[in-house]
Amino acid sequence: MDSPEQSEHGLHKEHPPLLCHRCGAMLTPGRGDFYVVRIEAFADPTPPDLLSDEYADIDPSEEIDRLLEVMRHMSEQELMDQVYRRMTIHMCRSCYLPWIENPSG
Ligand SMILES: [Zn+2]
């Protein structure tokens, strides 16, 4: 029979130190002295309104060719970064508290 305790042996690797994203202070998990901030950003998901006047004179197939030509010169990662980004950062309490009041400042 397998002992469920055995899997614990693999868990003693040391974690890399957690540092505050802003000031570089060492953060200690379990003390409740820092915050985890998840950032999710994506480009405007609204499809262009092809019936509006602005697009009336554009041949859609020409426009697609143009976009494909632009995309050909970008790496897959660049394309992904332009559309969607997600990151997790850690902040100590004294950096987090003023930041969350004005995250885009
Ligand atoms: Zn900090």
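Good morning. The structure is a predicted model, in which local features need pLDDT of at least 70 and side-chain atom pairs count only at pLDDT 80 or more, while totals for chains, interfaces and linings use all residues. Residues are numbered from 1 along each chain as its sequence is written.

I begin with the overall layout. The protein has three helices and four strands. These are DSSP runs numbered from the N terminus, with helices (H or I) of at least four residues and strands (E) of at least two. In order from the N terminus, the elements run β-β-β-α-α-β-α.

How much of the protein is buried? Buried residues account for 6% of its 105 residues. A residue is called buried if 20 or more other C-beta atoms lie within 10 Å of its own, exposed if 12 or fewer, and partly exposed in between, with C-beta atoms placed from the backbone.

I turn to the core. A nonpolar core is a set of buried Ala, Val, Leu, Ile, Met, Phe, Trp, Tyr and Cys residues joined through C-beta atoms within 7 Å. The largest one here has five residues: Cys20, Phe34, Met91, Cys92 and Tyr96. Not counting residues up to four places away in sequence, Met91 touches several residues, among them Cys20, Phe34, Tyr96 and Trp99. Two residues are in contact if their C-beta atoms, placed from the backbone, lie within 7 Å. Of the contacts with a separation of 6 or more, 73% join residues 24 or more positions apart.

Leucine 18 lies in strand 1, residues 18-19. Is leucine 18 buried, exposed or partly exposed? It is partly exposed, because 15 other C-beta atoms lie within 10 Å. Beyond its neighbours within four places in sequence, leucine 18 contacts Leu27, Pro29 and His90.

Isoleucine 39 belongs to strand 3, residues 34-42. Isoleucine 39 is exposed, because it has 10 other C-beta atoms within 10 Å.

Finally, confidence. The pLDDT, which is the predictor's confidence in each residue from 0 to 100, averages 82 over the protein, and 79% of the residues score at least 70. Over residues 3-10 the pLDDT is below 50, and this stretch has zero contacts in the model beyond near neighbours in sequence. Where pLDDT is low, the predicted coordinates should not be read in detail. Confidence is highest in helix 3, residues 93-101, at a mean of 96. Thank you.
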